[in-house]
Amino acid sequence: MSLSKASRYFRTTSFRLNLWYGGLFSLSAIALFIVLYFLLSYLIAARDRESLKAQVQDYAQVYYDGGPRKLKSWINQQQRSRKLNSFFVRITTAQGAEIFLEASDNWIQFDVVRLGPLILRSPSWLRIPEDDERDLIFHRTLLADGSTMVVGKVTNSRDHLLEPFRQVFIASLIPIILLGFIGGSIFTHRTLSSIRQIISTVQSIIKTRNLDARVPISNTADELDELAHLFNQMLDQNQSLIRNMRESLDNVAHDLRTPLTGLRGTAEMALQSQPGKSAQSEALADCLEESDRLLTLINTLMSLAEAEAGMMHLDIKPTNLSQILDNTTEMYGYVADEQGIRINRDYPNPIEANIDGQRMRQVIANLLDNAVKYNTPNGSIDVSASKKGEAIIVKIHDTGQGITEVDQSRIWERLFRADRSRSQRGLGLGLSLVKAIVEAHNGTITLHSVPDQGSTFRITIPAVSETPTTATNDALKVRERKLAPITPALARKTGSHSWCPALYPIAARDNLLSQIGR
């Protein structure tokens, strides 16, 4: 491995996890040894203490029964029967005067004389190493008459007993550390396998620019498996978003190219034709219509952007919703009559609501426009409204071709058109703008549609709506162009309902009417 590769490896998460795992494993093994070592040492000391404590009780009982003479006789008897080979017994008064002292020969060389004062100053238990293999342990206890008895015993050295344990640990320390790091390497490799698969998938996407690559799922139901699931979902959404963006760009390009081509064609025809006021007026009217198609597309996109940013300006005030429904249905009645479509109305008058009248007219017009365009010949459209509690419900039902279940979830997307053949003219922005306006009124809109049986749009808005929090009139100072409904004559002569649902800029409308006649 080169130095650069080694340097990169030392900075990787795998190395850090391996280091942590190996270090913690090794430290845990050392801590376990220390605990076991002190536990064994404590058990050895406890065993020696229990043994010595039993001897002290025997000595004390004999001393209580017969005094120093009886204790000395009993010790000699125990020594002759070889039940007592090594012993040390010393009794002193409360003032420190020695009453009794007996010790075996192996204790003489330990300098019993100097040992006496040492024991008197020591704790009740004392352990003194004699040599590499033996320790001397002492226990001092207070007798009933106030005297002090010190008993000594020879026992095996704790260090000597624990030496094999220490040697085994030292010999196994290196294998333990190696085992920790090897186990850490295996653990890290298995743990980060999902991360490596994600990295491999990302590299494949970057290299091939193919978003179809996905991370393999191990179905372990752990956090990394969940991460792989979420990453694949993100790729699916990104792929869908890119596909929608491509479709949107195609739709925008198509919708922009059509009016621009019309403008250019009309201008060329006007230049090539004989000069005349009527011809020029008709050409200007056509150019104005195509210009307004472009303006409608741009204004709708801007309104959608404002709504998505929470900046849509609404002029909320008490409004008669029934009058808006009357005006809009009457205007579309002329277009519907030409196709044999009936518009049925069922709502009381008035229906008072705190809404932006122009925006709500735009909502109704868009829905009626779609209901007319995609209806069947001799079909019908039902427009109803009612007030239920604190909510106003508006329904628009048509007997048209309906919307497939697949397209129902996407009709609210901007520039999406279920009619991919473009048999009807449109921007693909109407329903997305409708949804944005309704939600800006703190309302909801839903769709129920069955293919070949028609569609029903249901709008629910509060009867008394609070001032929307998206914007305030004083804060935004947004200047919008006033919009007005197309007149029936203009709808019949220009067919503008197919691209500008019931709304037309007032200035443009007046200019056009002045040219084509009222």
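1. Start with α12 (430-440), a helix in this predicted model. Eight of its eleven residues are buried, so α12 is largely enclosed by the rest of the structure. "Buried" here means under 20% relative accessible area, with exposed being over 50% and partly exposed in between (1.4 Å probe, protein chains only). The buried ones in α12 are Leu 431, Ser 432, Leu 433, Val 434, Ala 436, Ile 437, Val 438 and Ala 440. Just after α12, have a look at Asn 442, which takes a positive phi of about 60°.

2. A quick word on ground rules. Residues are numbered from 1 along each chain as its sequence is written, and side-chain values use heavy atoms, leaving out hydrogens and water. As the model is predicted, local features need pLDDT of at least 70 and side-chain atom pairs count only at pLDDT 80 or more, while totals for chains, interfaces and linings use all residues. Helices (H or I, at least four residues) and strands (E, at least two) are DSSP runs, numbered from the N terminus.

3. Now the whole chain. You'll find 15 helices and 14 strands in it. Of the 518 residues, 40% are buried. Contact means heavy atoms within 4.5 Å. Among the contacts with a separation of 6 or more, 64% are between residues 24 or more positions apart.

4. Which residues have the most contacts inside the largest nonpolar core? They are Leu 321, Leu 367 and Ile 459, in a core of 43 residues. (A nonpolar core is a set of buried Ala, Val, Leu, Ile, Met, Phe, Trp, Tyr and Cys residues joined through side-chain atoms within 4.5 Å.) Elements giving two or more residues to this core include α9 (321-338), α10 (357-373), β9 (380-388) and our friend α12. The largest share, eight residues, comes from α10. In soluble globular proteins, nonpolar side chains tend to be buried together.

5. Zoom in on Leu 367. If you skip its neighbours within four places in sequence, Leu 367 is in contact with Ile 396, Leu 431, Val 434, Ile 445, Phe 457 and Ile 459.

6. With 18 residues, α9 reaches 27 Å from its first C-alpha to its last, close to the 26 Å expected at 1.5 Å a residue; the expected span is 1.5 Å times one less than the number of residues. Still, α9 has a kink of about 30° centred on Tyr 332. That bend is the angle between axes fitted to the seven residues ending at a residue and the seven starting there. Tyr 332 is buried, and so are Leu 321, Ile 324 and Leu 325, among others in α9.

7. Next, strand β1 (residues 88-92): five of its five residues are buried. Phe 88, Arg 90 and Thr 92 point one way, while Val 89 and Ile 91 point the other. β1 pairs in the antiparallel sense with β2 (residues 98-103) over five bridges; two strands count as paired if DSSP finds at least two bridges between them. The two form a hairpin with five residues between them, and Gly 96 in the turn has a positive phi of about 100°. Thr 92 stands opposite Glu 98 in β2. β1 also runs antiparallel to β5 (residues 148-156), joined by five bridges, with Arg 90 opposite Val 150.

8. Last, the charged pairs. A search of the whole structure finds eleven salt bridges, each a side-chain nitrogen of Lys or Arg within 4 Å of a carboxyl oxygen of Asp or Glu. One joins Asp 48 and Arg 127 (3.0 Å, N to O), linking helix α2 (residues 13-80) to strand β3 (residues 125-129), 79 residues apart. Asp 48 counts as buried at 4% relative accessibility, whereas Arg 127 is partly exposed at 22%. Elsewhere, Arg 214 and Asp 236 meet at 2.6 Å, N to O. Arg 214 lies in the loop between α6 (193-208) and α7 (223-272) and Asp 236 in α7, so the pair ties together parts 22 residues apart in sequence.
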